[in-house]
Amino acid sequence: MQETGVKKPTVDIKYAAKFVRKVETRFQRVQQCHVYPLFLDILKSYTENKKSLDDVIMEVNFLFIGHDDLIDDFTNFLP
């Protein structure tokens, strides 16, 4: 768990919004519709200091297995 009061680096808001939309669009199929909400939950946990950046990276890499382009884009999305 990350310490509270630690200022997190910022990300490019336009790039972040575009990336999140890409994830949402990719996982709209019924068989994969659970992925997008899980992704948002992982990000929320990080912003609430409930997960470390290392945990977020590990969980998103697992969540996006088979979607190497999203994994690559996610590394650019990170603060």
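Q: Which residues of α3 are buried in this one?
A: In this predicted model, the buried residues of α3 are Val56, Val60 and Leu63.

Q: And how are they placed around the axis of α3?
A: Val56, Val60 and Leu63 cover an arc of only 60 degrees around the axis, so they sit on the same side of α3. As a general point, an α-helix has 3.6 residues a turn, so residues three or four places apart point the same way.

Q: What do those buried residues pack against?
A: The buried residues of α3 pack against α2 and α4.

Q: Which residues are exposed on the other side of α3?
A: On that other side, Asp54, Met58 and Phe62 are exposed.

Q: Switching to α1 and α2, at what angle do their axes cross?
A: The axes of helix α1, residues 13-26, and helix α2, residues 35-47, cross at roughly 145 degrees and come within 8 Å.

Q: Is that crossing of α1 and α2 left-handed or right-handed?
A: The crossing of α1 and α2 is right-handed.

Q: Which residues make the contact?
A: From α1 the contact is made by Phe19, Val20, Val23 and Glu24, while α2 brings Tyr36, Phe39 and Leu40. Sorted by class, the contact of α1 with α2 has six nonpolar residues, no polar residues and one charged residue.

Q: Now the rings: how many aromatic pairs are there in the whole structure?
A: A search of the whole structure finds five aromatic pairs. One of them is formed by Phe19 and Phe39, which are edge-to-face, with 5.9 Å centre to centre and 75 degrees between the planes.

Q: Where in the chain do Phe19 and Phe39 lie?
A: Phe19 is in helix α1 and Phe39 in helix α2, 20 residues apart, and the pair links distant parts of the chain.

Q: Are Phe19 and Phe39 buried or exposed?
A: Phe19 is buried, and Phe39 is buried as well.

Q: What about Phe27 and Phe64, why does that pair count as stacked?
A: The planes of Phe27 and Phe64 are at 15 degrees, with the ring centres 5.8 Å apart, so the pair is stacked, the cut-off for stacked being planes under 30 degrees apart. Phe27 lies in the loop between α1 and α2 and Phe64 in the loop between α3 and α4, so this pair ties together parts that are 37 residues apart in sequence.

Q: And the relative accessibility of Phe27 and of Phe64, what is it?
A: Phe27 has 3% relative accessibility and therefore counts as buried, and Phe64, at 0%, counts as buried too.

Q: Which residues do the ring pairs link into a cluster?
A: Ring pairs link Phe19, Phe27, Phe39, Phe64 and Phe74 into a cluster.

Key
Residues are numbered from 1 along each chain as its sequence is written. This is a predicted model: local features need pLDDT of at least 70, side-chain atom pairs count only at pLDDT 80 or more; totals for chains, interfaces and linings use all residues. Side-chain values use heavy atoms; hydrogens and water are left out. Axes are lines fitted to C-alpha atoms, for helices over the stretch in contact, and angles run from 0 to 180 degrees between N-to-C directions. Helices (H or I, at least four residues) and strands (E, at least two) are DSSP runs, numbered from the N terminus. A crossing is left-handed if the near helix is turned anticlockwise from the far one by less than a right angle, and right-handed if clockwise. Contact means heavy atoms within 4.5 Å. Ala, Val, Leu, Ile, Met, Phe, Trp, Tyr, Cys and Pro count as nonpolar, Asp, Glu, Lys and Arg as charged, and the others, Gly among them, as polar. Rings of Phe, Tyr and Trp (its six-membered ring) pair if their centres lie within 6.5 Å; planes under 30 degrees apart count as stacked, over 60 as edge-to-face and the rest as tilted. Buried means under 20% relative accessible area, exposed over 50%, partly exposed in between (1.4 Å probe, protein chains only). The arc is that of the directions from the helix axis to the C-beta atoms.
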